[in-house]
Every structure is written in structure tokens, then in C-alpha cells.
Amino acid sequence: MFRVEILSLILSVFLFYNCGYLHNPRVSRVYWDNAVPDSATVNLVIWPIHLAALLLCGVVDQSIRSIEIVYPSGEDAVDYFYLRGNGNNIMLEKTIAIPKTAATPVIFVLAYVVRWFIPISHSTHPFG
């Protein structure tokens with residue numbers, strides 16, 4: 001049983017290696033560069049302060065990443081909503097309008113999750 005837990009932890013690390021904090025640790029990197037002294041003895045004495053501060057910086061980095069990917073995910077959903085066929089079958093396009101409208105929020109959520117875990121450039125439009 002213990003091996004399964006370790007294996008799942010290792011798998012989680014490999015799957016989520018690009019999530020917010022690890023993708024671009026802006027605040028954490030600045031804190032680490034400016035606030036953590038070079039002396040190992042000083043770090044051993046004040047490690048609880050650094051641990052709490054780095055956890056707070058990690059939350060800030062996650063929040064920045066979450067806000068940063070909302071707009072590209074919304075663009076993906078809008079591109080999907082306005083995606084048209086080749087124009088030869090107007091009846092088909094009118095028929096799938098309602099299911100397409102219902103699926104647009106799902107596309108937004110999927111695009112958000114994918115952009116969270118995988119660093120996709122802002123200019124990538126899968127439905128464009």
C-alpha cells in the first residue's frame with residue numbers, strides 16, 4: 001500500500017510540474033533572491049519564517065497564474081462558439097447551434113485546465 005502512495009505522488013509531480021508555482025515563480029523567486037541570506041547558520045535559525053513566507057509566495061504565484069490564463073481560455077471558448085463549417089450545409093450549422101452553445105462553457109473549462117498544466121503560448125488558438 002505504501003508503494004502505491006509513493007508512486008501516485010511521483011506521478012502527480014510529473015503531471016503537475018508546469019502548474020502555476022513551478023511554471024513561473026515570480027514572487028517566490030524574488031523573495032528567494034532578496035530575503036534569504038547566504039549564511040547557512042542564519043537560515044537554520046529562521047527557517048520557519050522562510051517556510052511560511054515561501055508558502056504565501058506560492059499562493060500568490062498560483063493566483064497570478066490563475067488570473068493570467070482566464071483571458072486566453074475565454075478566447076478559445078469564443079473561437080469555438082464562432083467556429084463555422086465550410087458553408088455548404090446551412091441546415092447542419094443551424095442544427096448544431098444549440099449543442100455548440102451548451103458546449104462552449106465546457107470548452108472554456110477544458111481550455112483553462114489545459115493552459116494551467118501545460119504552458120501554451122498566448123497566441124495559440126486551437127479553434128481559430
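**Reading contacts in a predicted model**

In this predicted model, Glu68 and Arg26 form a salt bridge whose closest N and O atoms are 2.5 Å apart.

Q: Why can Glu68 form a salt bridge with Arg26?
A: Side chains of opposite charge can pair when their charged atoms come close. In this structure, the closest N and O atoms of Glu68 and Arg26 are 2.5 Å apart, and the pair links distant parts of the chain, with Glu68 in helix α5 and Arg26 in helix α3 (residues 26–35), 42 residues apart.

Q: How many salt bridges does a search of the whole structure find?
A: The search finds three salt bridges, one of them being the pair of Glu68 and Arg26.

Q: Which residues form a nonpolar patch on the surface?
A: The patch is formed by Trp47, Leu51 and Leu55, which together have about 350 Å² of accessible area; Trp47 is found in helix α5 (residues 47–68).

Q: At what angle do the axes of helix α6 and helix α8 cross?
A: The axes of α6 (residues 70–81) and α8 (residues 97–117) come within 8 Å and cross at roughly 145 degrees, and this crossing is right-handed. The residues of their contact divide into 10 nonpolar, four polar and three charged.

Terms used:
Residues are numbered from 1 along each chain as its sequence is written. This is a predicted model: local features need pLDDT of at least 70, side-chain atom pairs count only at pLDDT 80 or more; totals for chains, interfaces and linings use all residues. Side-chain values use heavy atoms; hydrogens and water are left out. Axes are lines fitted to C-alpha atoms, for helices over the stretch in contact, and angles run from 0 to 180 degrees between N-to-C directions. Helices (H or I, at least four residues) and strands (E, at least two) are DSSP runs, numbered from the N terminus. A crossing is left-handed if the near helix is turned anticlockwise from the far one by less than a right angle, and right-handed if clockwise. Ala, Val, Leu, Ile, Met, Phe, Trp, Tyr, Cys and Pro count as nonpolar, Asp, Glu, Lys and Arg as charged, and the others, Gly among them, as polar. Patches are made of residues with over 30% relative accessible area and no salt bridge: like charges are joined within 9 Å, nonpolar side chains (Val, Leu, Ile, Met, Phe, Trp, Tyr) within 5 Å. Accessible areas come from the Shrake-Rupley method with a 1.4 Å probe; for residues, only the protein chains shown count as cover. A salt bridge is a side-chain nitrogen of Lys or Arg within 4 Å of a carboxyl oxygen of Asp or Glu.
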